[in-house]
Amino acid sequence: SILQLDNYYLSPQNEIRDVNGDNNTVYKATGADELITTEAQCKIEACTIVFTRLTPDATEANNRLRVKNIKTIDVVADRFLSIAEITLTSVGSLYSFTPFNDFSKITDDEYKKFLIASQQYRNAGAKASLLDEIDQLSKEIKKLPALQTLYKDITLDLFYHTNNRELLDRLEALIINNPSYSQLNGLYNKFYMEIAKGNLQDASASIEAITKIDGGNASSHELLAYWMMANNDYEGAITHYKKALESKKTANTLHNIAAAYRYIGKNKLTEKYLKDALELSPYLHQAHSLYGITALQEGNIQQALLSFNVVVSQNPKDIGNLNNYGLTLVLNKSYEEAIEIFQQAAALNPDNTTISLNIADAYNLQGKTAEAEKIYTSIIGSTNQKIDNATNYRNLAQAYAHLHMFSEALTFLGKLEKLDPQNVETSYTAALVHVLANNKVAAVYNIE
């Protein structure tokens, strides 16, 4: 459920989940003004839940958190709607306000299904079956802001792994057919959906609408930066991330500005902001991941191996980091181990042609050219390549170049350079194509 607190900014769930630390770490990493913690103790059918409001002690140098007030409630363990309503009321009492909620038309059984779907997503990641289960729920529960955000998170996770645009149609249908009880929540979900669809003008309109309702400097600048990243305007994104940091310094925003610097090839600044992020949140998954990528680009193989070991141990089903770990092993000339890691990633997403390209490259470097050429050819013939985007242009340019079909390779390289010119991976692809085509001057230019 969602709490509507006037003049309060609620940290998104992913920011808190990614921190993976104690209360003071969460407080620092999210830039929170204060925290509310919960502790539940259950015996058979009944539970006692303690809500504690923590605020920083201004008299201490490090603003260590102190208890402001406490609220204790007793609930029946399997009465989920009752727990939700009592929880909202109890949190509201910590601030002397009545929170938003509307559970009157929702059944306890449906709310339980929503909670189970949420838990399954947090524990095991996005699955199409979770969307199918949510689609079967009633219209009223689909209006809950928390359910719509869960549906959006699952849908976009699946979309960015599969490029299946039918998923975006399903998300749009949910948003349109079930107007959220929270207008602001609905606008945020629409914004991220429009970004995924590539409808940047509609996404910009969502930012304007959000700003009219919630004009917080940090959130506005973060949305604008996210929009600019989607538009491949990394310099513009950096400007807005810096402004967001002036209002609210969080580990998540520090990671995001580091990512923007990485896209324009400024790895020293990437490392600087990543160190700042990890100082606030030492276990921040995405920061370790980006640190590995940056170290890989800098040729620091040992640091990259260390970083990817951290993130793969945190989440063995993280396809992107399995892929990057495999690339690091390739550069370490551990080809067999690299192919094994790539195959683990491919098993999780068989249609991902970037992983296929990396397996082919590993075979090629081993001298197993027949195996490599077979995979390069399959990439070119893949139906997934009919989608026009930077990833597919990059993969096609590289696959054609490895097969010495340089006219085709240069054609797709040209499309890639037009679509995403600032991205350092575009320069890498250009360097590879020109090296294989023996265009020495162009190759040296892109390597530099």
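Predicted model: local features only at pLDDT ≥ 70, side-chain atom pairs only at ≥ 80, totals over all residues.
Three strands form an open sheet in the order β1-β2-β3, and their pairing is antiparallel. Because β1 (35–43) and β3 (65–76) each have a single partner strand, they stand at the edges, and one side of each is left without a neighbour in the sheet. On average, and with direction ignored, neighbouring strands of this sheet are turned by 20 degrees against each other.

The pairing of β1 with β2 (residues 46–56) runs antiparallel and is made of nine bridges; within it, Glu39 stands opposite Val50 in β2. Two residues lie between the strands in the hairpin of β1 and β2, where Ile44 takes a positive phi near 55 degrees. Between β2 and β3 the antiparallel pairing extends over 11 bridges, and here Thr55 is found opposite Arg66 in β3. As a rule for regular strands, side chains alternate between the two faces of the sheet.

Helix α2 (residues 23–30) touches β1, β2 and β3, and its direction makes about 145 degrees with that of β1. Helix α3 (residues 80–95) also packs on the sheet, with contacts to β1, β2 and β3, and its direction makes about 150 degrees with that of β3.

| Helix | Strands touched | Angle between directions |
|---|---|---|
| α2 (residues 23–30) | β1, β2 and β3 | about 145 degrees with β1 |
| α3 (residues 80–95) | β1, β2 and β3 | about 150 degrees with β3 |

**Arg262 and Asn267**

Arg262 is found in helix α12 (residues 251–263), whereas Asn267 has its place in helix α13 (residues 267–280). Arg262 has a relative accessibility of 7%, and therefore counts as buried, the cut-off being under 20%. Asn267, at 7% relative accessibility, counts as buried by that cut-off as well.

When residues up to four places away in sequence are not counted, Arg262 touches Asn267, Thr270, Leu290, Ile293, Thr294, Gln297, Val424 and Glu425. Of these, Ile293 lies 31 residues from Arg262 along the chain, and the C-alpha atoms of Arg262 and Ile293 are separated by 9.0 Å. With sequence neighbours left out in the same way, Asn267 touches Arg262, Thr294, Gln297 and Glu298.

Empty space can be located by rolling a probe the size of a water molecule over the atoms. The second largest pocket holds about 160 Å³ of space. It is lined by 13 residues, of which Ile175, Gln183, Gly186, Leu187 and Lys190 are the closest to its centre.

Helices α7 (166–177), α8 (183–197) and α9 (200–213) each supply at least two residues of the lining of this pocket, and α8 gives the largest share, with four residues.

Notes. Residues numbered from 1 in each chain as written. Heavy atoms only, no water. 1 Å grid on protein atoms, 1.4 Å probe; cavity = no way out; pocket = protein on both sides within 12 Å on 5 of 7 lines; lining within 4 Å. Points joined across faces, edges and corners; volume = space filled by probe spheres on them. Pairing = 2+ DSSP bridges. Axes fitted to C-alpha atoms, helices over the stretch in contact; angles between N-to-C directions. Contact = heavy atoms within 4.5 Å. Buried < 20%, exposed > 50% of the residue type's maximum accessible area, 1.4 Å probe, protein only.
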